[in-house]
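This briefing concerns a ligand site and the pocket around it. Please examine the sequence and structure below before reading on.

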Amino acid sequence: MKNIVILISGSGSNMAAIVKAAKQQDWERRYGARVAAVVSNKADAQGLVFAQDHGIATEVLNHKQFDSREAFDAQLAQVVDRYTPTLVVLAGFMRILTPGFVQHFEGRMVNIHPSLLPAFTGLHTHQRAIDAGCKFAGCTVHGVTAELDVGPILDQAAVPVLPGDTADTLAARVLTQEHVIYPRAVAAFLQKH
Ligand code: GRF
């Protein structure tokens, strides 16, 4: 069985989209794959409830209980490794990962970023797209490498920036596309690996 481990920090709507796609498209039969666990650095992450309701193992590892990023990431890697992942999916996991962690999962870890990379790495992507006068914004699924929000682009979707858009209205439009491309990119990965 190919195990997918999904890391979240908040609402987990991308995680939910992947879990739903796995069920609807029967990834178990098609790819011999399943979402084995959802891991959060926050105990109150809403997505944990969804995962539990769907019979998926959940783990919480509070980064505040560690003295350093390295110590947290070392423990996080151990927790993730328990599920022997074929793929680690970062889905709104709001922690910068150490080079050691990234190296450990290199080639089998993906992230979704709410911009059309390579434009607008980092935070506040929607406001920055509006401020720059972009006519299109979007989202990108990419392989995770040592540099933040850089790494091979696996899938992308664009949406228009409309007159009167705020960061919130644009983010909501982009998010609907995230829910399309993230399951699609994960399925494509599973087919190949
Ligand atoms: C998404 O916009 C994602 O692109 C960004 O964080 C947000 C997570 O949303 N990295 P959710 O937790 O999947 O609902």
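Which residues are around the ligand? They are Ser11, Gly12, Ser13, Asn14, Gly92, Ile112, Pro114 and Glu178, where a residue is near a molecule if one of its heavy atoms lies within 4 Å of it. The model is predicted: local features need pLDDT of at least 70, side-chain atom pairs count only at pLDDT 80 or more, and totals for chains, interfaces and linings use all residues. Residues are numbered from 1 along each chain as its sequence is written, and side-chain values use heavy atoms, with hydrogens and water left out.

**Ligand contacts**
- A polar side-chain atom of Ser13 lies 2.5 Å from an oxygen atom of the ligand.
- A polar backbone atom of Asn14 is 2.9 Å from a ligand oxygen atom.
- For Glu178, an N or O atom in the side chain is 2.8 Å from an oxygen atom of the ligand.
- The protein buries 81% of the 360 Å² that the ligand exposes when taken alone (Shrake-Rupley method, 1.4 Å probe).

**Pocket**
- The ligand sits in the largest pocket, in that more than half of its atoms lie within 2 Å of the pocket's grid points.
- A pocket is an open set of points on a 1 Å grid over the protein atoms alone, where a 1.4 Å probe fits, with protein on both sides within 12 Å along at least five of seven lines; lining residues have an atom within 4 Å of a point.
- The volume of the largest pocket is about 960 Å³.
- Of its 36 lining residues, Gly92, Phe93, Met94, Ile112 and Pro114 are the closest to the centre.

Terms used: A polar contact is a pair of N or O atoms within 3.5 Å; within protein, one must be able to donate a hydrogen and the other to accept it, and residues adjacent in sequence count only if both atoms are side-chain atoms. Grid points are joined across faces, edges and corners, and a volume is the space filled by probe spheres set on the points.
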